[in-house]
Amino acid sequence: YMPFDVNHTYPGNVTYDYSNSTNEALIKNNTFWNSTGFIGGAYELDTAGMGFIALNKTFFMGNDSAIAMWIKPMVLGADTNFFTLAGKIKWDIPANSQNTIQMDNNEVWITCSNNLRRFTVSPAFSTGTWQHFVLAKNNSAGSSSATIIVYRNGVQVGVSNAPDFCVFDEIGASRSVDSGGAGIYGNGSIDEVMVFNRSVTA
C-alpha cells in the first residue's frame, strides 16, 4: 500500500510501502509530487518527461489478485493517448515480449508476453477528474475460466478472459530498457496504490 502522502522525490526518491510487504518504490525521471491528490498527496506523471514509479518487488497476476489506485488521466483518446497503469521492463521478460496494463478513453488493454486482452468499459473514463480504478483477476474457477474485471468508482464496467500469468514491476510505465528512455508512459496523476494477493469486488 503506497499512499503517496509525503513528498519523497527529494532526497532519496523512495516512496514507502505501508503494508507488511516492504515493496518500496523509486520515483524516476520527471515524476512530480503535489499536495492535491485524492487523499493527501499524489504523484504526477508526465509522458514527455518519461516519469514512472519503479517497484522494489514484482507483483504477479497469476491466481486471484488485484491492483487498485486513484487515477486522474490528463489526456485520453480512442486507440491513442494511453494512460499506462503498470508494466514490466522488457529486458527482464522473454525477448520481444511486453507486459502492460493500459487504458484509453473507453477501453482497457492488458498485454502479457504479447498476449493482448482488449475490452470496452462503459461508461468511459474521464480526464481531469479523480476516479477509482480496480483491476481484479478472479481465478477461483480455474485458469481455463479465469476473468479480469475492471471496476470504476466501485461499479463493474468491464470484464474479459484473463491472461494465464503476468508480472509487473512498474507503475505508470512499461519501458524497453532499464535506464529509462523508450517505452509507454502515463500522463496524469496516481494516488493510493494498492496491490492484493486476492481478488476484490470493488
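This is a predicted model: local features need pLDDT of at least 70, side-chain atom pairs count only at pLDDT 80 or more; totals for chains, interfaces and linings use all residues.
Eight strands, given here as 8 strands in the order E1-E2-E5-E14-E7-E8-E9-E10, form an open sheet in which the pairing is antiparallel. The edge strands of this sheet are E1 (14-15) and E10 (115-120), each of which pairs on one side only.

- Strand E7 (residues 83-88) pairs with E8 in the antiparallel sense over 5 bridges, and lysine 88 stands opposite asparagine 99 in E8.
- E8 is also joined to strand E9 (residues 107-112) by 4 bridges, again running antiparallel, and these two strands form a hairpin with 3 residues between them.

**Strand E8 and threonine 100**

- Strand E8 (residues 99-103) is largely enclosed by the rest of the structure, because 5 of its 5 residues are buried.
- From E8, Asn99, Ile101 and Met103 point one way while Thr100 and Gln102 point the other way, and all of them are buried.
- Threonine 100, which lies in strand E8, has a relative accessible area of 0% and is therefore buried, the cut-off being under 20%.
- The bridge partner of threonine 100 in E9 is threonine 111, and a further residue, serine 113, stands 13 residues from threonine 100 in sequence and 9.0 Å from it in space, taken from C-alpha to C-alpha.

**Nonpolar cores**

- In soluble globular proteins, nonpolar side chains tend to be buried together.
- The largest nonpolar core in this model has 37 residues, and those with the most contacts inside it are Val108, Leu135, Val150 and Ile171.
- A second, separate core has 7 residues, including Ala66, Ala136, Ile149 and Val200.
- Isoleucine 171, one of the residues with the most contacts inside the largest core, touches Phe52, Ile53, Leu55, Phe59, Ile67, Met69, Leu85, Ala86, Ile190 and Val193, when residues up to four places away in sequence are not counted.

**Histidine 132**

- Histidine 132 lies in strand E11 (residues 131-138), and its relative accessibility is 19%, so this residue counts as buried under the cut-off of 20%.
- With residues up to four places away in sequence not counted, histidine 132 touches Ala68, Met69, Trp70, Tyr151, Arg152 and Asn153.

**The largest pocket**

- The largest pocket has a volume of about 470 Å³ and is lined by 21 residues, of which Ser21, Phe59, Val195, Phe196 and Asn197 lie nearest its centre.
- Both E5 and strand E17 (188-196) supply at least two residues each to the lining of the largest pocket, and E5 gives the most, with 5 residues.
- Sorted by class, the lining of the largest pocket is made up of 10 nonpolar, 8 polar and 3 charged residues.
- Phe59, one of the residues that lie nearest the centre of the largest pocket, is also among the residues that isoleucine 171 touches.

Note on methods: Residues are numbered from 1 along each chain as its sequence is written. Side-chain values use heavy atoms; hydrogens and water are left out. Buried means under 20% relative accessible area, exposed over 50%, partly exposed in between (1.4 Å probe, protein chains only). Two strands pair if DSSP finds at least two bridges between them. A nonpolar core is a set of buried Ala, Val, Leu, Ile, Met, Phe, Trp, Tyr and Cys residues joined through side-chain atoms within 4.5 Å. Contact means heavy atoms within 4.5 Å. On a 1 Å grid over the protein atoms alone, a cavity is a set of points where a 1.4 Å probe fits but cannot get out, and a pocket is an open set with protein on both sides within 12 Å along at least five of seven lines; lining residues have an atom within 4 Å of a point. Grid points are joined across faces, edges and corners, and a volume is the space filled by probe spheres set on the points. Ala, Val, Leu, Ile, Met, Phe, Trp, Tyr, Cys and Pro count as nonpolar, Asp, Glu, Lys and Arg as charged, and the others, Gly among them, as polar.
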